[in-house]
Structures are given as C-alpha cells and as structure tokens.
Amino acid sequence: MTDELSRNERIKEASNYLRGTLADGLREEITGAIIEDDAQLVKFHGMYLQDDRDLRPERTRKKMEKAFSFMIRVRIPGGVLSPRQWLALDEVARVYGNGTMRLTTRQTVQLHGVIKSNLKATLKTIDEVLLNSIAACGDINRNVMCNVLPEQSRAHAAAIDMARTISDDLLPHTPAYREIWLDGERIAGGEEEVVEPIYGKTYLPRKFKIVVAVPPSNDVDVFAHDLGYIAIVDGAGDVVGWNVTVGGGMGMTHGEPDTYPRTADIIGFCQTTDAVKIAEAVVTVQRDWGDRKNRKHARLKYTIEDRGLDNFRAEVEKRSGVKLARAKSYTFTSTGDRYGWTEGADGRGHLTLFVQNGRVHDVDGASQQTALRTIAQVHYGDFRITPNQNLVIANVPTSQQAEIERIAREAGLLAPWSGLRRNSMACVALPTCGLALAESERYLPELVDALDQKLAAHGLSADDIVIRMTGCPNGCARPYLAEIGLVGKGPGRYNLYLGAAFDGSRMNKLYAEDLDHAGIVAALDPLFAAYAKERQKGERFGDYAIRSGAIAASGNGTDFHANVRAYKPK
Ligand code: HEM
Ligand code: SF4
C-alpha cells in the first residue's frame, strides 16, 4: 500500500479543470491517439481512447500504429430520447462511427470507432439536438438512470424528474467541454472563474453512479449503484418519497479478494424536496472520505465498508441537514423488461422491443437499425433505452400502433425469444474494450443457443432465467446480480457464478472457474434438469440453486468470496 496519491489524482489536479492538453492533442495529425494523461481526462468528456483489438496482431506485424479510435458515450438521463435525437445518433453512428449504435446497460448510447479527426463533428452534431457526452465516463457522477415503466405514468414522471434534476445538479461546472469540442469561448479571467462547488479541482476518487427505481420493477438494478432512490408510491399512484440506498458497485479483480462487488444498503427514507440535498451530501462525503491512493479501493462501497454504515449515514445527515426517516416497505419483483405492448393511464401504448445485447445494426437479414430509423421518422412519442439494453417505443397513439408494430416485427425486434434470451445481457468486450479478457457480446448469443437446447429438453424454454456475461471482472453488465453470471477469465474461458435473486436483491457466488463453452454447458445442464424436476411452485432458478445446496447464499461485502465450494467439472 502506498501513501502517495494515485497517478489519476495528479492528472486531475494538473488538468486545469479537465482541459489538460486535449485541444492541442486533437490537432496533432501524426497519431490517431492522444497522450496518456489526456486519455484519462477525455473520459470526463464521455470518451475512451480504444483500438481495434482484432487488428492488433496484423498491425503489429506490419509495424503500424494500433487502429486507434474513440468510443463516445452520450449522457441520456433515464434513457429518454426524442425521435429527432434518435435520428441524430443514428446518423453520427453511420457517418462518423462504425455504423452501429450500442444501447448500454446504463441507459445510454455508445458510438464506437470514431476517429480523432471526427470527434468534434460528432459532438457538434449531437449538440444540435441538445445531447452531449459530458461526464458520461470519468471520476464523477455519470448518467443518472431511471425506471422505464411508462404505464405507471405519474410515478414515472416523478422519477424521471428526479433523475434529471439530480443529473443537472451534479454536472461539472467547468466549461472545458464546450471550449474543446464545440469551439466555445475561453472564459476570460482563467481558472479563478471556474468553480466546482461540489467536486473541487480533483473531482471524485472514482466513478459515481446514481439510479432511480419505481417498484415493483427493479429494472435499474438499484443495489448495483453507488446511490439509489426507491420510489414509495401510494395507493393513488403518487410518489410520497424515497428510500435511499448507498454503496453498491460491481467491479472487482480476479484473484484479489480485497476487491469485491457489493449490493447497496438502504439508509432511510427522504422526502422528494430533500432528495437533491441527500445526493450532494453523499457525493461530497465520498469526495472527502474516498480513497485517492488506491483506485481499486476507491468506490463508495469500500468507503462504507471501511468507515461503517452508521457513521456514513450520520455524516450524510449532518451535511445535508436532513434527518432520514425509517425506510418504508416496498416490493420488487424482477429486474427484467416487460416486452410487447403495455398501456399507459392516458391510453397511449408503449412497445418494448428486444435488442440483443443492445447492438443496433443491420445484419443477418434483420434490418433493425433501418427499422428503428423508420419508426423514428413516423413516431411522435419518445424512445426509452431500458437498463437491460432494450428499447421502448413510448407514448404511441392508437392510430399508429399497428404500423409501428409491423415495422418492429418485420425486423425481428418482437420475435418469440426463450425465457433465457429475454433475460440476457452482455457487455461490449472485444474488439473495442481494452480491458476485455474474453469475448462477451459476440459470444453470448451462441452460448444461449446451446443452453436453450438444454432448457427445451427439460421443458424450461419459457421460464425467465437471468443470464449475464462480461469479458472481464469489472462487471459492466452487472453479472454478479444474475442468476447465471459469466465473467471472462482469458480467451474462451469464464468463471461461472450462481444463486443471485431474480429481483436483484442478492448477489451470486462463484460456482466454477475457468470453464470453456463445453464446460459451461456441462456445468449447467444437470442443474437445469434438477430444477425442472425439484423446483417448488414459483421458485426461481437462483433461489433453487441455493436451496438445493449447489451454492451458498451470498451475503454482502467480503462475504462474496466466502463459502465458495469449488465445483469440479467431470
Ligand atoms: C473498474 C470498473 C470498470 C471499468 C474500468 C469499466 C470500463 C469500461 C470500458 C472501457 C467500457 C467501454 C467498452 C466498449 O464500449 O468498448 C465500458 C463500458 C460500459 N460499462 Fe464499464 N467499466 C467498469 C465497471 C462498470 C460497471 C460496474 C458498470 C455498471 C454497473 C459499467 C457500465 C458500463 C456500461 C453501461 C458500458 C457500456 C457498454 C455496455 O452496455 O456493456 N461499467 N466500461
Ligand atoms: S466488463 Fe470488462 S470487458 Fe466488459 S466492457 Fe466492461 S471493462 Fe470491458
């Protein structure tokens, strides 16, 4: 353990409020990359420097620079976009990106493959439809998520309003984004003029994620995030206040038991009028108490484990001036999406489409990107990206429902999927993510094909079972909250986790290490068979895995790594 601040802390401190030398680096034509310090800073502007890993070996052989490009993540609180905004993102994806759009597990859109010389044009185009990528990545509050459930219209309106208010309140104040990407005027008077009242010069020790949930749906996976609000809805459908959750987070590192995923704790109940004060207090306590020396120990979840929940709550109450009341009761039933049509209180329809792993593209005879563009051209309501990488065409008047359904159906966005596929998620991983140890998005559909065959043989095709895969233990698709979690270990090899709760309230636990495709199928098939035979009425696969003794129930914090009984493949 070192006593020195981490390198990123020094980069932030010296960056002059996130400017660094980005403006100069953009003009540098010799390379498609930017210097390493700026690559850290550009995350605060919603971008990651990446390279095409499929092309690495060939380019290394030819002594060429890596095939650098940028991933741009848009800031979309609650995942709500107008059709015009959808069309603008679709256009920049095709003109400047790799042609596809990626709906993410945190309700945003990622564009991949944007080369350095196209960054400004891309950001200017999305600025014209009032979108940006400010603080979509980096050590700062990122995109605020919100339940999509549009049929509960009043509660949803309150929730999205909260998400937007908190998102705006916690935006950075530095004009660096406008200056660098939109050629904004440099503010006269220099940095003295720039004040970051919440963050200060070095922002947060690590990323920070906030969500707003509306029971009975836990689609946002409230317990996976640093700070969450659970709406308490009265009999008339109005929100009376919020249970506050703190200290959730997914990332860990293989072989380092000091790192672990953690589900958030509920610290009490607050009124809507106090919610922003609470958010500011939680963020500033983490700003001051979080670990700035070791980035692997810097998330709020570790601050809470180290300092204690009561201590943390007391400091939040002191700083906010709000006394939290006792948490109120609520019930979550699932983390999944409700596919097909649902009707809102005002009679408008909402159509939830299945987008496999969130990748919007035209391939294999299914023109999904074209279909969604066509829908955007005729649709007057909105688009909502779900936390499960799917898409809701929301607020469709009766007169347009048949047409929109036809377009979606023809593009395979409404196909009758199995219960496993309906509940599947994968992170991006290869070829763009520099941290990936194994495939994820490109492999999960094939694994689900194989598992679907086994499930069909046991009569389980229609049963909802949550499966999530990531290419490394960072956990971008929240695999530790899946009934079947698969986490990349190396090329073609995965750790298998079992026993999470279907409603997202309990994590899974390591069941088997380092399995290949055949190993995963062989490990799961007997469990599927036993589940089909022995399950109790309504019993979920994750609960059954625990009751049957296949795996121990995961508690919180370091308990995630305890009681692991290694399954030995035959
Ligand atoms: C140490 C932890 C983490 C690191 C370093 C990290 C880094 C990254 C990187 C580099 C990407 C870009 C991949 C690409 O698009 O090519 C990415 C994507 C993403 N990450 Fe993370 N991540 C971490 C943890 C998480 C966690 C815990 C979550 C959510 C709870 C998350 C949410 C996302 C989302 C939503 C995306 C977009 C792609 C998708 O939908 O899978 N990340 N992350
Ligand atoms: S989980 Fe790992 S491999 Fe997947 S996108 Fe996140 S960082 Fe990349």
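Pro 431 lies in the loop between β18 (424–426) and α15 (444–457). In this predicted model, the peptide bond that joins Leu 430 and Pro 431 is cis. Its omega is about 10°. A cis bond also links Pro 215 to Pro 216. Here omega is near 10°. Pro 216 sits in the loop between β7 (210–213) and β8 (227–233).

Most residues other than glycine have a negative phi. Asn 16 is not a glycine, yet its phi is positive, at about 55°. Asn 16 belongs to the loop between α1 (7–14) and α2 (22–27). Tyr 203 also has a positive phi, near 50°, and is likewise a residue other than glycine. Tyr 203 is placed in the loop between α8 (176–181) and β7, and β7 spans 210–213.

For Asn 16, the number of other C-beta atoms within 10 Å is 15. Exposed residues have 12 or fewer, and buried ones 20 or more. Asn 16 is therefore partly exposed.

Note on methods. Residues are numbered from 1 along each chain as its sequence is written. Chains are lettered from A and ligands numbered from 1 in the order in which they are written. This is a predicted model: local features need pLDDT of at least 70, side-chain atom pairs count only at pLDDT 80 or more; totals for chains, interfaces and linings use all residues. Helices (H or I, at least four residues) and strands (E, at least two) are DSSP runs, numbered from the N terminus.
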